[in-house]
There are 4 protein chains.
Amino acid sequence: MCGIFGVWGVKEASSLIYRGLFALQHRGQESAGIVASDGKTLRLHRGMGLVANTFTKDDIGRLKGSSGIGHVRYSTAGLSRIEEAQPLLISCSEGEQIAIAHNGNILNSGNLKGRLEREGSIFQTISDSEVILHRIARAKTRDFISNLISSISLLKGGYSLLFLLKDKMVALRDPFGFRPLSIGKRGKSIFIASETSAFDLVGAKYIRDVEPGEIVIIDKSGLTSIFYVQPSPQEHLTTKSYLIGDYELPYPIRKSYCIFEHIYFARPDSLVFSEGVYSVRKMLGRKLGAENRVSADMVISVPYSGTIAAMGYAEETDMPYELGLVRNNYIGRTFINPEHSMREAGVSIKLNPVVDIIAGKRIVVIDDSIVRGTTSRKIIGMIRRAGAKEIHLRISSPPVRHPCYYGIDTPTEKELIASKKSLSNIRDFIGVDSLEYLSLEGMLSCVKNPRDYCTACFSGDYPIL
Amino acid sequence: MCGIFGVWGVKEASSLIYRGLFALQHRGQESAGIVASDGKTLRLHRGMGLVANTFTKDDIGRLKGSSGIGHVRYSTAGLSRIEEAQPLLISCSEGEQIAIAHNGNILNSGNLKGRLEREGSIFQTISDSEVILHRIARAKTRDFISNLISSISLLKGGYSLLFLLKDKMVALRDPFGFRPLSIGKRGKSIFIASETSAFDLVGAKYIRDVEPGEIVIIDKSGLTSIFYVQPSPQEHLTTKSYLIGDYELPYPIRKSYCIFEHIYFARPDSLVFSEGVYSVRKMLGRKLGAENRVSADMVISVPYSGTIAAMGYAEETDMPYELGLVRNNYIGRTFINPEHSMREAGVSIKLNPVVDIIAGKRIVVIDDSIVRGTTSRKIIGMIRRAGAKEIHLRISSPPVRHPCYYGIDTPTEKELIASKKSLSNIRDFIGVDSLEYLSLEGMLSCVKNPRDYCTACFSGDYPIL
Amino acid sequence: MCGIFGVWGVKEASSLIYRGLFALQHRGQESAGIVASDGKTLRLHRGMGLVANTFTKDDIGRLKGSSGIGHVRYSTAGLSRIEEAQPLLISCSEGEQIAIAHNGNILNSGNLKGRLEREGSIFQTISDSEVILHRIARAKTRDFISNLISSISLLKGGYSLLFLLKDKMVALRDPFGFRPLSIGKRGKSIFIASETSAFDLVGAKYIRDVEPGEIVIIDKSGLTSIFYVQPSPQEHLTTKSYLIGDYELPYPIRKSYCIFEHIYFARPDSLVFSEGVYSVRKMLGRKLGAENRVSADMVISVPYSGTIAAMGYAEETDMPYELGLVRNNYIGRTFINPEHSMREAGVSIKLNPVVDIIAGKRIVVIDDSIVRGTTSRKIIGMIRRAGAKEIHLRISSPPVRHPCYYGIDTPTEKELIASKKSLSNIRDFIGVDSLEYLSLEGMLSCVKNPRDYCTACFSGDYPIL
Amino acid sequence: MCGIFGVWGVKEASSLIYRGLFALQHRGQESAGIVASDGKTLRLHRGMGLVANTFTKDDIGRLKGSSGIGHVRYSTAGLSRIEEAQPLLISCSEGEQIAIAHNGNILNSGNLKGRLEREGSIFQTISDSEVILHRIARAKTRDFISNLISSISLLKGGYSLLFLLKDKMVALRDPFGFRPLSIGKRGKSIFIASETSAFDLVGAKYIRDVEPGEIVIIDKSGLTSIFYVQPSPQEHLTTKSYLIGDYELPYPIRKSYCIFEHIYFARPDSLVFSEGVYSVRKMLGRKLGAENRVSADMVISVPYSGTIAAMGYAEETDMPYELGLVRNNYIGRTFINPEHSMREAGVSIKLNPVVDIIAGKRIVVIDDSIVRGTTSRKIIGMIRRAGAKEIHLRISSPPVRHPCYYGIDTPTEKELIASKKSLSNIRDFIGVDSLEYLSLEGMLSCVKNPRDYCTACFSGDYPIL
């Protein structure tokens, strides 16, 4: 996961991007970067760590110009080093500068990279973004948009992209629309963001999403839209396929929005896929309550991701919702754990139970998902030690059994507890009195257009492989 | 406000203090420090900023020994400089080292300091703590405890203190007990903390509070208790007075616990004054609902301090509680606001309304208190712009009309909006459709022993001046 | 200018490179970097500023392996940003990693880059090194050395290069040999360095120089030498030319060692071009004395670069040499000049005259060269204010009239004072009683093989353009 | 050793002090600090490390006012921590602020401190300066100068002091004048510095020294001088003594200037004790040559402290002086020595022999002194390995046999090689062919007034104990 943010036609682009990245910080804390353009030159500043620690006033001041793009990067298994920080800024034909900010994952980047290397390309990063830039630079024509289209036609995967050139900003989403990307406006200024909450911080208004397969070009003549994948006629729905570039797309392409954005990743004050995250998350909790009622004294959540679902569950089941776990907001990534014997206590420094409330009670704990199960086990142990009489764990999504290949950093199938263990075994491992998940149907009933969503991590039904 | 934490008889004192200070970080982000003792030498490390940024592994490693005290300092009007960071560490008679960590405010420190200066003392800080150390050093006898008693007898104000010497740790509270201080245990190890949630992080159990007027001495022979103010016989309740040191105490001294710890300051997972903060805060919300019902679509809170009261209000009034404002946890003190025209936007970078939920609705907003009114005004403006149809502000404490002299950093009476304006004027200034406060009686009914609490900031009834 | 250092077959390569870079720090203070190889993976760490500030113990520890290359970069007109720091590390065909460290300047890098960009290459830096890597990656065969030869055949300019691959280290010099590069040994370990003084710090012994046009390959089978330019048969000396790659080399290629290494750049304890810098520098001073005697009370120098020449001048003219100017070694690049009115005082913070010695005396000042003349003017003013009766400036090299295109950072011809002004005008501008330069012949007489040296910056006789 | 610098009556005091401290950086690299006064408030900023790393532009900007004092601290056996950094700033009677900067050592500070502690003083540092401030604060009258006199009358030792109050700056030297202190002027602005080279950097002119036993008071009415020790009538020269404060001074007090300032410590471009360091150092070399001639091929020095003496020696003995050892100016204190096996190589990273010059030659090496002998041994080993045929070590001062108690950081007598070993044993330990020291008489003959100097570290004749 990552967060991307672009602005066009403002007074001080870098200042606004700085603000916007703050709003997207939850999407990535590994590194942050901004490229700004004054119409002639693109300038880059990037660094490791939080937005707040990466930019000084002077840095922002040096990034002159009225347009720009920014990026916050999630820590993945990849290398944690400055070279991987985005945006990437390169120069190519005729010395033209191109900057890219990327959210997502390219499935065939290994192949593309291998082919490029055999053709003589060199790589300074391990990121998919560099592959895309190489492809664009190697395209035949002099027109950036044509080159872009011919290049992304080769890409297989989930990706939302932002490009900056000296005279234009370009935003696009893959044909499946795995990752979100929205358009905002303030006067004549145009904004692009992974989540709409970033618009709020810069006083912009959400207009619409960049559509799957759409390229949005913003330049002095305003906003232009191109679809690089033909929209799907209804009649051809199931059998045919459609070739873009190197590989076959199922035709008509099925929209495949990442439902995990609603479940866990996005801010509750954002719209993603033009639907309010808060409302969806609340509905997930309600549905979970309807499906998996249990008799207990109260509902609590694992803050903060489980909170809204827990409130929904409590409403539905008519139990009181309580803040049974308190989260310390000052931890960050810097806690040094000097005492080796206490390395295990990682969770306890972040979360603490309200013994007063919990002791002697029957508790329903709501969490958004279980991945490896180890963190859940620690949290449940903590609640148990706080004196809970019964603990019933309810998960506001189905069991995660399959890895995500479209931009969410999940472990391999082997490490996913739900792909190895039965429900009762997971229950025993985590140490709860009962454990239930939301059903796949239940989950899908909480969004407006269930067919538009990807459920691969739950169902194994991968839209593209 | 500040947070203090002490440990005695552990393997690596500084590691545990480091953990404990994390738990108390909400009580002060200006500076942090630790003094540890290996039985022979006391060593100090302190720095500006958060605990996480002040200590490296090496720093913790250098602070050797099995006992120690730590401090986090709140940013007050005073100087923001390293010299003011606590603990203070001094040497005095016979080269004996004494460290002090202080939470509170000494009313007569100016007088005491002037007198000390006239007697030839020099001051390197502006803190009350240095005054206390001077007084101790100037006391006549060779016995630290005697000197301590004769010195604190001169102090007027609210203070919880921690001392470390090479062979003992000493904790005490002023005779009124304004500020909290608790004792915890883990095996034979003893812990002292401003709030009990710090015990949870080091695996200790809450035993009891240090009592008002009590000095707790911890050394190799265990824990000893001395009362330096005679406990009050019931019969003498109203008329007499009792002299300790230089000034008269009302006799019997009335307990004067700071009720603001329950309303706002302490963590909800702490016990303070041996009462659960979470439960009190919930009751404040319920009482507020009982007193000031209003017809609306939902209850929201200003996160995080208003959250639990809002949940109580919602329960009492049977309205749904929603997370209408989302708080960004990544802001900290580092946001640089590069764009001058946006300096006003300080609140908007921290809080963002969930438009989806709020638009078109009648909203009850719960906050814990109103001080100057300016922040409330900005927050309400934000909710209004998000489309709320009606906004009813309910405050889970009475109007703050008087400054606190006992350790809470309030502005002068002039700056307190409730001491200048009528309810309807405040309502208009903040821009809400209705505004109500919890009554003084209502507030007091939420704690076990209402008579044990100080309400000076609401009532002007100062226990000591 | 830059400094490069390579090691092969040692226990902890990065530790030794760290040491070696210290010895080369005078060749570049802008940035520093190390790539080390453990036989499988190449790892890079680089940073802005001095070696001492770039690497922590942890950084060195992470750079595991028995071979590696390092680089210190000189601050040029180019961009001062982390992206430009060397070594560069890339992956290319079959994922092979290649690291490069570069000292010099490629004249036709613009053309080569343009051609590469048209072929679809993208550039993340402005450095010549990236051009070289692209060329290598685009070469047809699978063999690195073949690709390297076909690529460098296209390069026009002065360059000494170090490459690291997982199974070999490769060092080479351009066919003219503009920049120095030496080979050292310690047991079976092999070292490559810009200057031999770096060998002293790692306990290695100087063996010989990498020859102009030679590629030295170091791998598990030891050291192999290839000449990629055919050595010049004596008979063909003047007329013919010889084509390597894209452009014609004058045949036989004339050696073109940079004489400025002896005059100014290299450390006096180094051998460059297998000749002792100290001895050459001393001879320059002696020759200057022989050519431009003047009657005075003492000889002083501008420390430290003019010192040894001044000692030679003093010996030759039998005048006393005195340390008339004292240099402050603590200045670095960090002096902040807070007082604007004093910005001019940059020189005075670095150098200070010994008034005691200078006042009332006739002084000969020796400096190695005059570039713009502005610094000399300030220094002379300082000596004048210290009370010198007469000041005679003697320069231990001829007038610099032409820019260098082979790796020395000189300003444009316009900014070179000697290309605009007559000797007497320069004398007046700088404010000395007399000014003389060493003659071209005089200068060349100080080195063993005068015909092997490039004198373009003095004579305009560019070996290659 | 330390360096102190004061300014009075300038536009931006802190800027000028910043410059002045650069000039004094060789006197202390442990910490740096500045206190400035705007006539109402004194403000302090201090930090660990070099001046260049301690102050940002903002820091200098915050230190407002037209007067101020600064300090650089030498790393001694004492604590390396921020609390010990000077100046110290305190408030005392009536809230008056006093800042102190101190160069020297108080012999009886332990006693004074003990007495103060018994009287109830507390200490936050281990520095003598805090003792002095306490004594001043405890003096009876309201007049700072009277208090100062009565306080320093108790001090036994060598000290130069600078005080800043809001309305005056005060400079003084102990009655023996161990440590230097000079007065400079620029227009109506007055400057005080440990060494006169600091005046050069701020455009001030040296006027005269603060005299031993003199207090110089600078305020709006200009400069006033008070002698707090009665000047000595000639007739009473040997027998009587004179009591100031607590202890007897030998009467008449004998001047006891530290001759080590000339031998090693001060910059050669400074006057100390109103005599040019450069000239004295040259004379020491000449005298050494006259006393200890040896037949050899050249004279070299241990840079930089031995350089000028070596030049004198070469002149006297008519041998060529060569820069046989090159010093790396980029080392600083930051070299991390990652490779444990090479920890011994500390000297080799700083100094490197010019093999070219040294190999096969008979070398005279000049150094200023030998303390423990271990560093000399390493340097000589390095020269030996460079191929020197003979090495003759000549020291431009007598053997250091006794510790200094007046402000130079020498080891205990046990660790001084010359107090344990005979000349021939030292010679063998260091590994030279011959070793000679300058005689005591020879050394004294190099300064104008030999009787004014302290020679305790050579002779054991301590002026005061």
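Okay, let's start in chain D: strand S9 (residues 182-186) and S11(D) run antiparallel to each other, paired over 4 bridges. For instance, Ser182(D) has Asp209(D) of S11(D) as its bridge partner. Bear in mind that this is a predicted model.

Zooming out, that pair belongs to an open sheet of 7 strands in chain D, ordered S3-S2-S4-S1-S10-S9-S11, with antiparallel pairing. So who sits at the edges? Strand S3 (42-48) and strand S11 (205-209) of chain D do; each has a single partner strand, so one side of each has no neighbour in the sheet. From one strand to the next, the twist averages 15°. Helix H1 (residues 13-23) of chain D packs on this sheet, touching strands S1 (2-8), S2 (31-37), S4 (67-73) and S10 (189-193) of chain D. The direction of H1 makes about 25° with that of S4(D).

Now over to chain C. Helix H4 (residues 109-118) and helix H5 (residues 128-138) of chain C have axes that come within 10 Å and cross at roughly 50°, which makes H4(C) oblique to H5(C). The crossing of H4(C) and H5(C) is left-handed. On the H4(C) side the contact uses Ser109(C), Leu112(C), Lys113(C) and Leu116(C), and on the H5(C) side Asp128(C), Val131(C), His134(C) and Arg135(C). By type, that's 3 nonpolar, 2 polar and 3 charged.

Conventions: Residues are numbered from 1 along each chain as its sequence is written. Chains are lettered from A and ligands numbered from 1 in the order in which they are written. This is a predicted model: local features need pLDDT of at least 70, side-chain atom pairs count only at pLDDT 80 or more; totals for chains, interfaces and linings use all residues. Axes are lines fitted to C-alpha atoms, for helices over the stretch in contact, and angles run from 0 to 180 degrees between N-to-C directions. Helices (H or I, at least four residues) and strands (E, at least two) are DSSP runs, numbered from the N terminus. Angles under 35 degrees count as roughly parallel, over 145 as roughly antiparallel, 65 to 115 as roughly perpendicular and the rest as oblique. A crossing is left-handed if the near helix is turned anticlockwise from the far one by less than a right angle, and right-handed if clockwise. Two residues are in contact if their C-beta atoms, placed from the backbone, lie within 7 Å. Ala, Val, Leu, Ile, Met, Phe, Trp, Tyr, Cys and Pro count as nonpolar, Asp, Glu, Lys and Arg as charged, and the others, Gly among them, as polar. Two strands pair if DSSP finds at least two bridges between them.
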